[in-house]
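Subject: Handover of the structure and what was found in it

Dear colleague,

I am passing on the structure that we discussed, and I would be grateful if you could look through it alongside the notes below.

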Amino acid sequence: MSHHARFTGKVVLITGAAGGFGRRAAERFADEGARLAISDVAADRLDEVAQELRRAGAEVVAEAGDVSQESTAERLVAAALGAYGRLDVALNNAGMAHPYLKLPDIPSATAEKVIAVDLMGVFYAMKHQLPAMERQGGGVILNVASVAGLVGAPLLSVYAAAKHGVIGLTKTAAVEYARRNIRVNAICPSFADTAMVKDELAHMRGGPEAALERVLGAIPMRRLASVDEIVAAMLQLCGPESAFITGVALPVDGGLTAA
Ligand SMILES: NC(=O)c1ccc[n+]([C@@H]2O[C@H](COP(=O)([O-])OP(=O)(O)OC[C@H]3O[C@@H](n4cnc5c(N)ncnc54)[C@H](O)[C@@H]3O)[C@@H](O)[C@H]2O)c1
């Protein structure tokens, strides 16, 4: 794939950058000229990713932390401003699922944790990103939701609640900041080939192969997304070609939510 450098000199913040979509997104943004501020709760993996990105020539600051703590959001924005003096793009990607269980079987502590990470984490992030972007005259926020933010997700009720909530934050902030030159969108992937999904499939009824069959049955294209397909859509929504797109929750789902 040929890269025109859409993000030359842009400062891009990414949470959950030590694995999955976040890590690949960091590589792709760097390929297109971005300067990075990356974060993850897995401090060791985050350091490895930062070092690899630097070896490939990228400018990177890394700040480990749990997105469910407001101080993490604050430190990460401060790290971007401290290193580069600005924040152009924020990809709020860190997230977790919970074990596949009917609603009454989900331990309340698990539900609270998923809401804290997947919903409050995005709230804290935006709370600290929006004022920084407003002060400099603009910016772009992309929150990683899920198809479970658009339709029900059997056995993932609390994850679905958190992701529906992320879309509510996204649409509202998009309207609040439309005249401040800040775009706010959400991306809604269906199952992609990541550690999170492999782990989920492994724990589903009937074993991973039968589980994969059932999952693919709901996807008109009958396949998982590749990580690159999701990340390509992320960069597109954050790039200048999407200048008039704000407040959307874009499914990147092989037709799942259309069926
Ligand atoms: N993989 C999929 O099919 C899929 C589908 C829809 C949505 N999503 C969403 O995409 C995002 C990324 O998921 P992924 O598939 O790349 O998962 P992943 O598990 O491969 O990577 C997620 C990263 O986030 C980090 N993380 C987890 N909890 C954190 C916390 N509390 N604070 C900071 N970092 C934390 C992990 O350490 C990991 O590096 C998540 O928001 C997820 O809900 C994934």
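Strand 5 (residues 139-144) is mostly covered, since six of its six residues are buried, where buried means under 20% relative accessible area, exposed over 50%, and partly exposed in between, with a 1.4 Å probe and protein chains only. Strands (E, at least two residues) and helices (H or I, at least four residues) are DSSP runs numbered from the N terminus. Please bear in mind that this is a predicted model, in which local features need pLDDT of at least 70 and side-chain atom pairs count only at pLDDT 80 or more, while totals for chains, interfaces and linings use all residues. Residues are numbered from 1 along each chain as its sequence is written, and side-chain values use heavy atoms, with hydrogens and water left out.

In a regular strand the side chains alternate between the two faces of the sheet. In strand 5, Gly139, Ile141 and Asn143 lie on one side and Val140, Leu142 and Val144 on the other, and both sets are buried. Strand 6 (182-189) is likewise mostly covered, with eight of its eight residues buried; Ile182, Val184, Ala186 and Cys188 make up one of its covered faces, and Arg183, Asn185, Ile187 and Pro189 make up the other.

Strand 5 and strand 6 run parallel and are joined by six bridges, and Val140 stands opposite Arg183 of strand 6. Two strands are taken to pair if DSSP finds at least two bridges between them. Strand 4 (residues 89-92) also pairs with strand 5 in the parallel sense, over four bridges, and there Leu91 has Leu142 as its bridge partner.

These strands belong to an open sheet of seven, in the order 3-2-1-4-5-6-7, with parallel pairing. Strand 3 (60-62) and strand 7 (249-252) each have a single partner strand and stand at the edges, so one side of each is left without a neighbour in the sheet. On average, and with direction ignored, neighbouring strands of this sheet are turned by 15° against each other; axes are lines fitted to C-alpha atoms, for helices over the stretch in contact, and angles run from 0 to 180 degrees between N-to-C directions.

Elsewhere in the sheet, strand 1 (residues 11-15) pairs with strand 2 (residues 35-39) in the parallel sense over five bridges, and Ile14 has Ile38 of strand 2 as its bridge partner. Helix 2 (residues 43-55) packs on the sheet, where it touches strand 2 and strand 3, and its direction makes about 175° with that of strand 3; contact here means heavy atoms within 4.5 Å. Helix 3 (residues 70-84) packs on the sheet as well, touching strand 1, strand 2 and strand 3, with its direction at about 160° to that of strand 2.

Turning to the ligand, 27 residues surround it, the closest being Phe21, Asp40, Tyr159, Ala192 and Thr194, where a residue counts as near if one of its heavy atoms lies within 4 Å. Helix 1 (20-31), helix 5 (157-176) and helix 6 each supply at least two residues of this shell. Among the polar contacts (pairs of N or O atoms within 3.5 Å; within protein, one must be able to donate a hydrogen and the other to accept it, and residues adjacent in sequence count only if both atoms are side-chain atoms), a side-chain N or O atom of Thr194 is 2.8 Å from a nitrogen atom of the ligand. A backbone N or O atom of Gly19 lies 3.3 Å from a ligand oxygen atom, and a polar side-chain atom of Arg45 lies 3.3 Å from an oxygen atom of the ligand. The protein covers 91% of the 820 Å² of accessible area that the ligand has on its own, with areas from the Shrake-Rupley method and a 1.4 Å probe, and for residues only the protein chains shown count as cover.

Two loop residues may be worth a look. Asn181, in the loop between helix 5 and strand 6, has a positive phi of about 65° although it is not a glycine, and it counts as exposed at 54% relative accessibility. Arg222, in the loop between helix 7 and helix 8 (227-238), is also a residue other than glycine with a positive phi, near 55°.

With best regards
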